[in-house]
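User: I've got a model open and want to talk through a few of its local features. Can you take my questions one at a time?

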Amino acid sequence: MKTQNLASSKKMLLAMVGIGIISALLIVTTFELTLPRVQRLKAEALEKAIFKVLPGTVNTQAFGVNANGELFKMKEGDNTETAIYAGYNNNGNIIGYAIEASGQGYADIIRILYGYKPDKEILIGFQVLESKETPGLGDKIEKEEHFLNNFKALDVSLSNIGKLKNKLITLKQGEKQNPWEIDGITGATISSRAIGNIIGTSTSELVPILYDHYNKNNQKPKESNE
């Protein structure tokens, strides 16, 4: 009787192991088969977002930032922590930059894309690329009109020493008084403040680099505004 029970247990164990292996293989196979489609859809969504935050763009070029704080043209297969997309008009002139940035939100990491127009020294567009913020609350950063309006002309002007005059910050809804401030969202305070932190850090690091790149390529020196 004991021998039969032992044999039965071994058969059950082998069956469970076999099912586990088959399930793992199915998961891996499904992942491998769907990965190209997922990557293609992400690339299409990113391209659409770039054109949205940089109106008037006809062509784009992806750039990374090297250890010396200089832009380099990215080629297929290149990886970088910071991806920047220069937008060009019909004449081949840069009209602005779309910048990817990310940071901690309320629920998880938030990935965003924002548009920078160096000739006006303002941000002109914003879009959430990935977010797991609470539906109905934190996800208001993606669709609350008054919040999105912050990024139609958000001041990121530089001083004569090449630093941001004012770091971007998020305030409580209704308290915005200056063009570099972000009017937050009541009920989504943490999420809207996270956006201010993400963009504030990103612009402090990248706007001086991008402004310099723009002037060198468009041959337009910066006028004194002090």
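User: Leaving aside its neighbours within four places in sequence, which residues is A86 in contact with?

Analyst: Bear in mind that this is a predicted model. A86 lies in strand β3, residues 84-88, and the C-alpha atoms of A86 and T60 are separated by 5.4 Å although they are 26 residues apart along the chain. Setting aside neighbours within four places, the contacts of A86 are N59, T60, Q61, F63, G96 and Y97.

User: And is A86 buried or exposed?

Analyst: The cut-off for buried is under 20% relative accessible area. A86 has 0% relative accessibility, so A86 counts as buried.

User: Y97 came up there. How is the aromatic pair of Y97 and Y116 arranged?

Analyst: A ring pair is described by the distance of the centres and the angle of the planes. The structure holds four aromatic pairs. For Y97 and Y116 the centres are 6.4 Å apart with 25 degrees between the planes, and the pair is stacked.

User: Which strands does that pair link?

Analyst: Y97 and Y116 are 19 residues apart, so we're looking at distant parts of the chain. Y97 counts as buried at 0% relative accessibility, and Y116 counts as buried at 0% too. The strands are β4 for Y97 and β5 for Y116.

User: What about F147 and F151: what kind of aromatic pair do they form?

Analyst: F147 and F151 are both buried. Their centres are 5.5 Å apart, and the angle between the planes is 80 degrees. Planes over 60 degrees apart count as edge-to-face, and that's what this pair is: edge-to-face.

User: Which residues form one aromatic cluster?

Analyst: F147 and F151 are an aromatic pair, and F126 belongs to the cluster with them. That makes the cluster F126, F147 and F151.

User: On to charges. How far apart are the closest N and O atoms in the salt bridge of E100 with R111?

Analyst: The count of salt bridges comes to six. E100 sits in strand β4 and R111 in strand β5, eleven residues apart. E100 is buried at 16% relative accessible area, while R111 is partly exposed at 25%. Their closest N and O atoms are 2.5 Å apart.

User: Which residues are linked in a network of salt bridges?

Analyst: R111 also forms a salt bridge with E130, with the closest N and O atoms 3.0 Å apart. E130 lies in strand β6 and R111 in strand β5, so this pair ties together parts 19 residues apart in sequence. E130 is partly exposed, at 33% relative accessible area. The network is E100, R111 and E130.

User: Which residue does D119 form a salt bridge with?

Analyst: D119 is partly exposed at 33% relative accessibility. The closest N and O atoms in its bridge are 3.5 Å apart, and the partner counts as partly exposed at 22%. That partner is K117.

User: Last topic, the second largest pocket. Which element gives the most to its lining?

Analyst: This pocket has a volume of about 340 Å³. It is lined by 16 residues, and those closest to its centre are E81, T82, E100, A101 and S102. β4 (94-104), β5 (109-117) and α3 (189-218) each give two or more residues. With six residues, the biggest contributor is α3.

Note on methods
Residues are numbered from 1 along each chain as its sequence is written. This is a predicted model: local features need pLDDT of at least 70, side-chain atom pairs count only at pLDDT 80 or more; totals for chains, interfaces and linings use all residues. Side-chain values use heavy atoms; hydrogens and water are left out. On a 1 Å grid over the protein atoms alone, a cavity is a set of points where a 1.4 Å probe fits but cannot get out, and a pocket is an open set with protein on both sides within 12 Å along at least five of seven lines; lining residues have an atom within 4 Å of a point. Grid points are joined across faces, edges and corners, and a volume is the space filled by probe spheres set on the points. Helices (H or I, at least four residues) and strands (E, at least two) are DSSP runs, numbered from the N terminus. Buried means under 20% relative accessible area, exposed over 50%, partly exposed in between (1.4 Å probe, protein chains only). Contact means heavy atoms within 4.5 Å. A salt bridge is a side-chain nitrogen of Lys or Arg within 4 Å of a carboxyl oxygen of Asp or Glu. Rings of Phe, Tyr and Trp (its six-membered ring) pair if their centres lie within 6.5 Å; planes under 30 degrees apart count as stacked, over 60 as edge-to-face and the rest as tilted.
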